[in-house]
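Please consider the sequence and the three-dimensional structure together. The paragraphs that follow lead from strand pairing to the disulfides, the aromatic rings and the overall fold.

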Amino acid sequence: MRTTRLKMYAGSLLLVAAISLLSACRRDKNNDTDTKEDTGYTTDQNLTEKIFDDAQTMSDKGAVVTGSGAFKTTACGSVTHAAGTFTIDFGSVNCLCSDGRNRRGKIIVNYTGAYADSGSVHTITFDNYYQNDNKVEGTRTVTNMGHNSAGQPYFNVMVNGTITKTDGSVITTNFTRTRTWTAGYTTLLNWTDDVYQITGAGTMTRPSGTVSVSITSPLMLALNCRWIQAGTIVYTLPSSLTRTLNYGATAACDDQATLTLPSGTVYTITLP
């Protein structure tokens, strides 16, 4: 009987060891996934965020100006107005704008109410429009919500759009945003002093699957800088793993951000 008990005990130890080894292997596998998984969703999300936000910025300026080069360069972006609509036309070939990006095609804005009026709605669409040869399609709907307690204009924004990248891959976005105009709103014709804070959430679908995107600390966009300057985004990937993208806490104008994985691994990301 003692021999039998010893064999049973030894068998139990082997089973525990096997389970522990299996668990360790699973942890190692998760860590491999954690550290080796594609991080292209960060650059794709930044690309779409900036393209659609730039379209709104130009529409904001187009609402109060006419003619050529009102907000980019003297050679880019002719604005024409008609009743309830206006068009920003960059022409049929690339035009290098003052923010260092090439644009061609048209941004079309249909609106109800004056741009500065609470409750006014601007619907932004695109006609053969490209930014840096990335084709932009879809709709961005902007509702003026008036002023917040600090006296700053803010807008509710809904984006249902598609970006076809230069490599042929497609990114589809569905975002809801609150866009607060924190500086520059008293100088409508000078876009260089404009600063915005962006909050909200949504989804981005790319060839590898759908990523949930949640802004956990407001994004800061200054129009005299090419990149998002501050704020934090949390991504939930198709694998259900999460990542945190941090643009920094101070308003440094650079193309660098950090991506932190649950394992503690940190990547430096170069923004598009």
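Predicted model: local features only at pLDDT ≥ 70, side-chain atom pairs only at ≥ 80, totals over all residues.

Strand 10 and strand 11 pair in the antiparallel sense over 10 bridges. The two form a hairpin, with two residues between them. Within this pairing, glycine 202 has valine 213 of strand 11 as its bridge partner.

The loop between strand 9 (170-183) and strand 10 (195-206) holds aspartate 194. Is this aspartate 194 buried or exposed? Its relative accessibility is 0%, and aspartate 194 therefore counts as buried. Beyond the neighbours within four places in sequence, aspartate 194 is in contact with Lys61, Trp181, Ala183, Gly184, Leu221, Ala222 and Leu223.

The disulfides come next. How many disulfides does a search of the whole structure find? The search finds two. One of them joins cysteine 76 to cysteine 95, with an S to S distance of 1.7 Å. The link of cysteine 76 and cysteine 95 is left-handed, with -95° about the S-S bond. It ties together distant parts of the chain, 19 residues apart: cysteine 76 lies in the loop between strand 1 (67-68) and strand 2 (78-82), whereas cysteine 95 belongs to strand 4 (residues 95-96). Cysteine 76 and cysteine 95 are both buried.

Cysteine 225 and cysteine 253 also form a disulfide, and their sulfur atoms are 2.2 Å apart. This link of cysteine 225 and cysteine 253 is right-handed, with 100° about the S-S bond. Here too distant parts of the chain are linked, 28 residues apart: cysteine 225 sits in the loop between strand 11 (209-222) and strand 12 (230-236), and cysteine 253 in the loop between strand 13 (242-248) and strand 14 (256-260). Cysteine 225 has a relative accessible area of 6% and is therefore buried. Cysteine 253, at 44% relative accessibility, counts as partly exposed. When the bonded cysteines are numbered in sequence order, the pairing is 1-2, 3-4. Cysteine 97 is in no disulfide; the nearest cysteine sulfur is that of cysteine 76, 3.7 Å away. Cysteine 97 has 4% relative accessibility and so counts as buried.

The aromatic rings form seven pairs. In one of them, the ring centres of phenylalanine 86 and tyrosine 111 are 6.1 Å apart and the planes stand at 45°, so the pair is tilted. The two residues come from distant parts of the chain, 25 residues apart, with phenylalanine 86 in strand 3 (residues 85-89) and tyrosine 111 in strand 5. Phenylalanine 86 is buried, with a relative accessible area of 1%, whereas tyrosine 111 is partly exposed at 26%. Phenylalanine 126 and tyrosine 129 make a stacked pair, 5.6 Å from centre to centre with 20° between the planes. Both phenylalanine 126 and tyrosine 129 are buried. Phe126 and Tyr129 also belong to one aromatic cluster with Phe52 and Phe90.

Helix 2 (residues 40-62) has 23 residues and reaches 33 Å from its first C-alpha to its last, close to the 33 Å expected at 1.5 Å a residue. Helix 2 is mostly covered, since 22 of its 23 residues are buried. An α-helix has 3.6 residues a turn, so residues three or four places apart point the same way.

Alanine 114 is placed in the loop between strand 5 (102-112) and strand 6 (121-131). With a relative accessible area of 41%, alanine 114 is partly exposed. Alanine 114 and glycine 84 are 30 residues apart in sequence, and 9.4 Å separates their C-alpha atoms in space.

For the protein as a whole, there are two helices and 15 strands. Of its 272 residues, 39% count as buried. Among contacts between residues at least 6 apart in sequence, 46% join residues at least 24 apart. The protein exposes about 12900 Å², of which carbon and sulfur atoms supply 55%.

Notes: Residues numbered from 1 in each chain as written. Heavy atoms only, no water. Helix = DSSP H or I, 4+ residues; strand = E, 2+ residues; numbered from the N terminus. Buried < 20%, exposed > 50% of the residue type's maximum accessible area, 1.4 Å probe, protein only. Contact = heavy atoms within 4.5 Å. Areas by Shrake-Rupley, 256 points an atom, 1.4 Å probe, with all protein chains shown as cover. Disulfide = S-S within 2.5 Å. Expected span 1.5 Å × (residues − 1). Pairing = 2+ DSSP bridges. Phe/Tyr/Trp six-rings, centres within 6.5 Å; stacked < 30°, edge-to-face > 60°.
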